[in-house]
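Subject: Structure handover

Hello,

Here is the structure for you to look through. Please open it first, then read my notes below.

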Amino acid sequence: MNSRKANNLSTNFSMILLLVLIPGMLLAVSPGDVVTADLTLTANLDASTYNGAVLRVGAHNITIDGAGFTITVNGNNSGIQAHNYSGITIKNVTVVSSVAGQGKGLDISNSSNSTFQNNTLNNLQYGIYTQGNSSASTFDGNIASGGGSGFGTHHYASNNDVVVINNDFTNNSSWAFQTRGRVAQLNNNDFSGSAHGVAVDAANYPAGGDFVMTYQGAASGPNQNTFGGHTGSVMQWYNSYRINISDWDFTGLFDAGVDRLTKKGIELTSVHYSTFARNTLTGFQYGIYNHQGNSTGSTFDGNIASGGGSGFGTH
């Protein structure tokens, strides 16, 4: 074999080896691409004229690292769509929409045991949107502010045992955080300035494993977050078992311009075997309000709900 052919073979082998060792690093991505190997963005990705999800996850156990670059979506489309693949990581991605208030940053469905970390998803209809079963996933250090909802969930979803920590879901026009399923950890998130704080549906905890929400004014405790400046509601719980909301002062968690006589302090729907104790709920239309259903086995002890319409009301 002559030296020229040998050099060509050597060069070709090196290029193939490089692509195998660091898959995705040399691949240019375009709007609509399906990502099947680890990928790190090396430039902004403008999909403002493309009708569809900009990037789609197409394999289990891969990482998409935005490296701080920005994906621009066309109106109501999604930045990254992760449907039916588990063990994935999406991190360091910024997603914006060509139309403020539209689009989804991360569109997640049936993606369990995954990590979504340090993404910036501002001014979208949903910063993070989940559907299907995305259980045992971690959402850590994301910023989804100034849009419709920071974290939203389809009403048929099941997000059991998710970890939601260190996120900024502030100043959204609807919910800061709304999910369906048992939350493993909800800690050190900022929900302030959003119209509504937290809504959780179908969170069923076992006997002896109550989910305790610690008031932000307490020295320390589990599941302690920042609320404040709300105009709609602070928290709502639906169809759940063994929730503990105690020693909270709800009076200072609404926007100063809100008439609390038009608001409800704690809103419940069919919440069972739960504890609501020593909370301050003065000046509300309803201090505690049970929308419908019953609250079998729940304890309401030592709450102060005076100076308003009704201390405790039921639909």
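This is a predicted model: local features need pLDDT of at least 70, side-chain atom pairs count only at pLDDT 80 or more; totals for chains, interfaces and linings use all residues.

**Starting point: A59**

A59 sits in the loop between strand 4 (55-57) and strand 5. Helices and strands here are DSSP runs, numbered from the N terminus: a helix (H or I) has at least four residues, a strand (E) at least two. Residues are numbered from 1 along each chain as its sequence is written, and side-chain values use heavy atoms, with hydrogens and water left out.

Is A59 buried or exposed? A59 counts as buried, because its relative accessibility is 15%. The cut-offs are these: buried means under 20% relative accessible area, exposed means over 50%, and partly exposed lies in between (1.4 Å probe, protein chains only).

Which residues does A59 touch, leaving aside its neighbours within four places in sequence? They are V35, T36, Y85 and I88. Contact means heavy atoms within 4.5 Å. G148 is another matter: A59 and G148 are 89 residues apart in sequence, and their C-alpha atoms are 30 Å apart in space.

**The whole chain**

The protein chain has one helix and 26 strands. Its C-alpha atoms fill a box of roughly 95 × 40 × 35 Å, taken along the principal axes. The protein chain has 315 residues, and 47% of them count as buried.

Now take contacts in the protein chain between residues at least 6 apart in sequence. Of these, 59% join residues at least 24 apart.

The accessible surface of the protein chain comes to about 13,300 Å². Carbon and sulfur atoms hold 47% of that surface. Areas come from the Shrake-Rupley method with a 1.4 Å probe; for residues, only the protein chains shown count as cover.

The protein chain carries 12 positive and 17 negative charges, and their mean positions are 9 Å apart. Lys and Arg count as positive, Asp and Glu as negative; His and the chain ends are not counted. Each charge is placed at NZ of Lys, CZ of Arg, CG of Asp or CD of Glu.

**The sheets**

Strands of a sheet pair through backbone hydrogen bonds, either parallel or antiparallel. Two strands count as paired if DSSP finds at least two bridges between them.

I64 stands opposite I90 in strand 8.

Another open sheet has four strands in the order 19-21-23-25, again with parallel pairing. Strand 19 (211-213) and strand 25 (299-301) are the edges, and each pairs on one side only. The twist averages 10 degrees from one strand to the next. For this angle, axes are lines fitted to C-alpha atoms (for helices, over the stretch in contact), and angles run from 0 to 180 degrees between N-to-C directions. Three bridges join strand 19 to strand 21, which run parallel. There, V212 stands opposite N244 in strand 21.

**More pairs to trace**

- Strand 10 (residues 104-109) pairs with strand 12 (residues 126-131) in the parallel sense, over five bridges. S109 stands opposite Q131 in strand 12.
- Strand 12 also joins strand 14 (residues 149-153) through four bridges, and the two run parallel. I128 has F151 in strand 14 as its bridge partner.
- Strand 22 (residues 264-272) is mostly covered: nine of its nine residues are buried.
- Strand 20 runs parallel to strand 22, joined by five bridges. Y241 has H272 in strand 22 as its bridge partner.
- Strand 22 runs parallel to strand 24 (residues 286-290), joined by four bridges. I266 stands opposite I288 in strand 24.

**Two backbone angles to check**

N188 is not a glycine, yet its phi is positive, about 60 degrees. N188 lies in the loop between strand 17 (183-187) and strand 18 (196-201). With a relative accessible area of 48%, N188 is partly exposed.

R242 is not a glycine either, and its phi is positive at about 65 degrees. Where is R242? R242 lies in the loop between strand 20 (233-241) and strand 21 (243-246).

Best wishes
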